[in-house]
Amino acid sequence: MPELPEVEVVRRGLDRWVTGRTIDAVEVLHPRAVRRHAGGGADFAARLAGETFAAPRRRGKYLWLPLAERDLSVLGHLGMSGQLLVQPEDAPDEKHLRIRMRFRDGEGTELRFVDQRTFGGLSLHETVPDSAEGLPEVIAHIARDPLDPLFDETAYHLALRAKRTTVKRALLDQSLISGVGNIYADEALWRARLHYERATGTLTRPRSVELLGHVRDVMNAALAVGGTSFDSLYVNVNGESGYFDRSLDAYGREDEPCRRCGTPMRRRPWMNRSSYFCPRCQRPGRIARAAS
C-alpha cells in the first residue's frame, strides 16, 4: 500500500495538472469505486459537475482534492492498487478504469481513477469547520505526519512513553504519526539501529528524536526518486514508477548482507506482514511483553 512518499508524489502531480480546473462531467464505471460515498455513483457525479478543484492536499497517506467554492473535498483512497492518472482524452481506456472526470477548459486531458483490485475509491466529504487545510471530517482523527512543519515532536515523544506498545506498532499508529507504513518503518528502524519489538517506554527523548530524523530522511530520499515501486501498481499521475526500491537497506533484503555490518538480514512474520532487520545491528534490548 502506498505510504507518504508515494502519495505525496501523486499529490504533486495532481497539483500541476488539476488545480484550478473545472469539472465538466464525471463517469462512474464501477460502483465499488464510490462505495464510501453515501449517495452512490449518480449523486457523486452530479454533485461534482461544474465544481472547480483547489490545490490538492495530503495528510500522511491520505490525499484529497478540495472544491474551490464549497466546504467539500474529494477524498482519494488508493488502497492496494488505486491510481489517479492524468491522461489525454483520446487515450484508450485502461482495463481497470473505474472513474473518469472530464474538464471544461479544452486542455485535452482528463483525470482517471484506475484500480485493479477495487480496494480503493473516491468519495465526497464535508471538511472540518474553520480548517485552514480543508481537512475532510472523516480523517480528522489522523495525526500530522513527520514532514508537516506543525508536527509536534515533544507531544509525540510523550505519547510514545505513555503508550504500552512496541516501536514499530507506534510508527504505524496513524493516530500518533501518519504516513509511515511497513516499508519505511523497517527502513527508519534499521537506520536508527532499533529492533522492531523495542518497548516504546524505553525510548529516551534523544532516541525518539533521532528515530524521527531517520523517518524524515528516508521519506525525503524516497520522494527524490518518485517513491517505492515493487510492481506496476504504484505509479505517479503520468503512469511512471518510482525507484527507491533500489536503495532499500532493510525491507525485502532477507538473507542479503547488512549494508552496515555484513550480517545476513532476517525476516520475521509480524501482524500479517513481515519485519526485516539486522540481528546484529538491531538487537532486541527491552521488548514490550504486554504491548497493546
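Predicted model: local features only at pLDDT ≥ 70, side-chain atom pairs only at ≥ 80, totals over all residues.
Local features need pLDDT of at least 70 and side-chain atom pairs count only at pLDDT 80 or more, whereas totals for chains, interfaces and linings use all residues. Residues are numbered from 1 along each chain as its sequence is written, and side-chain values use heavy atoms, with hydrogens and water left out.

Reader: With which side chain does the side chain of Arg-216 make a polar contact?

Author: Arg-216 belongs to helix H6, residues 205-224 (helices, H or I, of at least four residues and strands, E, of at least two are DSSP runs numbered from the N terminus). Leaving aside residues up to four places away in sequence, Arg-216 touches Pro-146, Leu-147, Phe-151 and Glu-153, where contact means heavy atoms within 4.5 Å. A polar contact is a pair of N or O atoms within 3.5 Å; within protein, one must be able to donate a hydrogen and the other to accept it, and residues adjacent in sequence count only if both atoms are side-chain atoms. At 2.7 Å, the partner side chain is that of Glu-153.

Reader: Is Arg-216 buried or exposed?

Author: Buried means under 20% relative accessible area, exposed over 50%, and partly exposed in between (1.4 Å probe, protein chains only). Because its relative accessible area is 19%, Arg-216 is buried.

Reader: How many residues of helix H5 are buried?

Author: Helix H5 spans residues 182-192 and is mostly covered. Its buried residues, among them Tyr-184 and Trp-190, pack against helix H1 (4-17), helix H4 (167-172), H6, E9 and E10. Of the eleven residues in H5, the number buried is ten.

Reader: Which class does Asn-272 fall into, buried or exposed?

Author: Asn-272 is placed in the loop between E9 and E10, and has a positive phi of about 65° although it is not a glycine. Met-271 also lies in the loop between strand E9 (266-270) and strand E10 (273-277), and counts as partly exposed because its relative accessibility is 38%. With a relative accessible area of 86%, Asn-272 is exposed.

Reader: How many charged residues are in the lining of the largest cavity?

Author: Strand E3 (62-66) and strand E4 (72-77) are the elements that give two or more residues to the lining of the largest cavity. Ala, Val, Leu, Ile, Met, Phe, Trp, Tyr, Cys and Pro count as nonpolar, Asp, Glu, Lys and Arg as charged, and the others, Gly among them, as polar. The lining has ten nonpolar residues and one polar residue, and the number of charged residues is none.
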